[in-house]
Amino acid sequence: METWLPLIGGYLFIFFARVVDMSLDVIRVLMLMRDKRLLAAVVGFLEVSVFILALNQVLAGGLNDPVKVIAYAGGFATGNYIGSLIEGRLALGYLSLQVFPAPQLASQFIERLRQEGFGVTSVECQGQCGVRTVLFVLLKRRDLQRALSILNKLDPNTFFNVSDARLIHGGIFPSKGTRLGK
């Protein structure tokens, strides 16, 4: 039993080092997407340092131990999952929400979203079935679920599109309810 303890410790080290490495990888990519280059570089340094330590353990003594490879691969998969959970919790950045409400509900959507502090720009356009109003809402990532909850309460069948907004200037956001920029 005592001869297995160092092996199990090595497997656990490989697994958890890889979880940390991959979680840092997800955060690094997020920082790059948010144009936070210096922070991404620091996270990348830590990520590669942990990666090298984990890989060294896997390669020590050759690749004769398949459990090392399983621990490495399992840590990779788990690290991706944990990294996505961390990314969801951080909710950094902004999103662009485009809402295509039924014509008779457009004014209700605009009024309710604005009551909740969201900046809403409405544009009249021509759709396949006639004149429509498209609503543009720029929001913080952490406010997405609240905005979608509003849409769902007003009309669960409303078509909408959410995309990442990489760079913004100005706007109205619910947390402050004031304009940013000029």
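I take a residue as exposed when its relative accessible area is over 50%, and as buried when that area is under 20%. The model I am looking at is predicted.

**Entry: Asn64**

I looked up Asn64 first. I found Asn64 in the loop between helix H2 (37–59) and helix H3 (66–90). Is Asn64 buried or exposed? The relative accessibility of Asn64 is 70%, so I count this residue as exposed. I also checked Asn64 against Val29, which is 35 residues away along the chain. Their C-alpha atoms are separated by 33 Å.

**Entry: the sheet**

Next I went through the strands. In what order do the 4 strands lie in the sheet? I read the order as E2-E3-E1-E4, in an open sheet with antiparallel pairing. At the edges I have strand E2 (120–127) and strand E4 (159–165), each of which pairs on one side only. From one strand to the next, the twist averages 25 degrees.

I then followed one pair in detail. Strand E1 (residues 94–100) runs antiparallel to E4, and the two pair over 7 bridges. Within E4, Val162 is the residue that stands opposite Leu97.

**Entry: helices on the sheet**

Which strands does helix H4 touch? Helix H4 (residues 106–115) packs on the sheet and touches E1, E2 and strand E3 (130–140). I noted an angle of about 15 degrees between the direction of H4 and that of E3. Helix H5 (residues 144–154) also packs on the sheet, where I list contacts to E1, E3 and E4. The direction of H5 makes about 10 degrees with that of E1.

**Entry: the two faces of H5**

I sorted residues of H5 by accessibility. Leu144, Ala147, Leu148, Ile150 and Leu151 are buried. Why do I place them on the same side of H5? The reason is that they cover an arc of only 150 degrees around the axis. I checked what this buried set packs against, and the partners are E1, H4, E3 and E4. On the face of H5 turned away from the buried side, I found the exposed residues Gln145 and Lys153.

**Entry: the annotated span**

Last, I looked up the record. UniProt, in an unreviewed entry, places the feature "domain: DUF2179" at residues 118–170. How far apart are the end C-alpha atoms of residues 118–170? I have them 13 Å apart. As for content, I note that the span is 21% helix and 49% strand.

Conventions:
Residues are numbered from 1 along each chain as its sequence is written. This is a predicted model: local features need pLDDT of at least 70, side-chain atom pairs count only at pLDDT 80 or more; totals for chains, interfaces and linings use all residues. Side-chain values use heavy atoms; hydrogens and water are left out. Buried means under 20% relative accessible area, exposed over 50%, partly exposed in between (1.4 Å probe, protein chains only). Two strands pair if DSSP finds at least two bridges between them. Axes are lines fitted to C-alpha atoms, for helices over the stretch in contact, and angles run from 0 to 180 degrees between N-to-C directions. Contact means heavy atoms within 4.5 Å. The arc is that of the directions from the helix axis to the C-beta atoms. UniProt positions are given in the numbering used here, feature names are shortened, and annotations may be inferred rather than shown by experiment.
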